[in-house]
Amino acid sequence: MIHKKKGQEEMVGFVLIVVIVAVIMLIFLGINLNKPKTESGKQSEEVNSFLNALSEYTTSCALNYEPNYANVRNLVQYCAIEETCLNGENSCQLLEKELRKMLELSWQISPDSRVNGYELKIESINLNIFEGNKSSSYVGDVLGLPNNIQIDLKVYY
Amino acid sequence: MKTTRAQLKIQQMTFMLLAVTFLFVLVGLFFLTTSISGIKNEFTNIQKENAQKILISLASSPEFSCSSGKQNCIDLDKAMIMKDRQEYRRFWQVDKIEIRVLYPELEKEVECSKGNYPQCNLLKVYSNARKNDLIPEQSSFVSLCRKESLNGENYEKCNFGLLIVGFENDT
């Protein structure tokens with residue numbers, strides 16, 4: 001009877017140790033997983049510089065006279081009011097063409113690259129450019145323009 | 001008989017202690033490796049952060065920045081003048097400065113020279129050729145503006161590109 005009790009006590013002790021170790025491991029694992037991914041924040045500086053540089057690009061669209069060409073910032077505004085450029089091009093079509101090309105050249109999607117996909121949205125003019133695949137790990141930024149227009153870019157890794 | 005039983009108990013105890021110690025050592029090793037890799041990541045991040053700061057300060061320095069005061073903007077005409085200026089070699093504290101025009105794109109890579117500018121897409125402002133293989137690179141998207149003239153009127157034309165900076169390995 002005494003022997004059985006002792007054996008039971010030992011087993012309880014062993015189980016207790018295993019449980020304590022498991023709990024400690026779970027706590028550390030939880031802390032590690034909950035750490036904010038600092039790299040994501042830093043990477044978004046890249047997206048921010050991309051949006052800033054993209055918005056200053058001089059397009060071939062002029063409304064009043066040449067060479068008063070619009071940059072991407074202006075072109076978005078022209079598209080919002082459905083203007084046509086002096087050379088007959090539709091401002092919205094030109095905007096989409098230029099944005100697609102710049103995105104394609106900057107965020108190359110291939111099996112060797114770290115980029116899985118990207119999505120650029122300008123909701124006020126119903127423009128949505130999406131390439132590749134979405135994933136849970138992404139970085140992004142928003143560029144605000146006059147008249148509550150926002151260019152929203154997400155890059156998926 | 002009792003001695004053997006006691007010995008057996010001691011043996012059990014020893015095995016138990018050994019097993020528990022081994023378990024703790026394993027757990028310790030696991031956390032040590034994760035924390036070391038964390039430190040390494042942090043070091044790389046700090047390096048990247050410093051590189052980004054240098055990139056920003058470089059783009060906004062009077063030698064490169066656009067006269068219009070735009071953010072992330074490089075005056076390509078100024079950069080062209082800065083090309084291969086020996087007196088600035090130590091000033092930048094970097095081993096390489098390159099400017100690449102991404103859009104509008106040319107069919108192939110054309111290095112800028114006084115003869116072909118602005119019909120080119122790679123401007124090598126400065127390069128420490130001896131260290132070229134060793135240096136890690138950092139880049140930032142920038143708008144690349146220059147003055148153009150049409151119908152007798154001057155205007156600023158901005159392209160889209162990358163500012164690439166190379167550093168010594170120990171930065």
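Start at C66(B), a buried residue with a relative accessible area of 5%. This is a predicted model, so every stop on the tour is a computed one.

**Stop 1: the cysteines of chain B**

Turn the view to look along the S-S bond.

Next, select C112(B) and C120(B). A disulfide joins this pair, 1.9 Å from S to S. Here the angle is 90 degrees and the link is right-handed. C112(B) is buried at 6% relative accessibility. C120(B) is buried at 8%.

How are the bonded cysteines of chain B paired when numbered in sequence order? The pattern is 1-2, 3-4, 5-6.

**Stop 2: the cysteines of chain A**

Move to chain A. Its bonded cysteines, numbered in sequence order, pair 1-3, 2-4. Select C79(A) and C92(A), a disulfide with sulfur atoms 2.0 Å apart. C79(A) sits in helix 3 and C92(A) in helix 4, so the pair links distant parts of the chain, 13 residues apart. The link is right-handed, with 105 degrees about the S-S bond.

C92(A) is partly exposed, at 24%. Over all chains, a search of the whole structure finds 5 disulfides.

**Stop 3: a loop in chain A**

Stay in chain A and select E89(A). This residue is in the loop between helix 3 (72-80) and helix 4. E89(A) is partly exposed, at 26% relative accessibility.

Show the side chains around E89(A). Its side chain makes a polar contact of 3.4 Å with the side chain of S60(A). Another polar contact, of 3.1 Å, joins the side chains of E89(A) and N87(A). Beyond its neighbours within four places in sequence, E89(A) is in contact with S60(A), T84(A), L94(A) and K97(A). Now pick Y65(A). It is 24 residues from E89(A) in sequence, and their C-alpha atoms are 14 Å apart.

**Stop 4: where the chains meet**

Show both chains. The contact takes 33 residues from chain A and 35 residues from chain B. Together the chains bury about 3,000 Å², 64% of it on carbon and sulfur atoms. Select E56(A), Y57(A) and P67(A). These residues supply 17% of the area that chain A buries against chain B, more than any other three residues.

Which helices of chain A each supply at least two residues to the side that touches chain B? They are helix 1 (2-34), helix 2 (38-55) and helix 4 (91-106). Helix 2 gives the most, with 11 residues. On that side of chain A, 16 residues are nonpolar, 8 polar and 9 charged.

**Last stop: a strand in chain B**

Finish at V165(B), in strand 5 (residues 153-166) of chain B. V165(B) is buried, with a relative accessible area of 0%. Then select F15(B), 150 residues away along the chain. The C-alpha atoms of V165(B) and F15(B) are separated by 59 Å.

Notes: Residues numbered from 1 in each chain as written. Chains lettered and ligands numbered in written order. Predicted model: local features only at pLDDT ≥ 70, side-chain atom pairs only at ≥ 80, totals over all residues. Heavy atoms only, no water. Helix = DSSP H or I, 4+ residues; strand = E, 2+ residues; numbered from the N terminus. Buried < 20%, exposed > 50% of the residue type's maximum accessible area, 1.4 Å probe, protein only. Contact = heavy atoms within 4.5 Å. Buried area = accessible area lost by both parts, 1.4 Å probe. Nonpolar A, V, L, I, M, F, W, Y, C, P; charged D, E, K, R; others polar. Polar contact = N/O pair within 3.5 Å; in protein donor to acceptor, adjacent residues only side chain to side chain. Disulfide = S-S within 2.5 Å.
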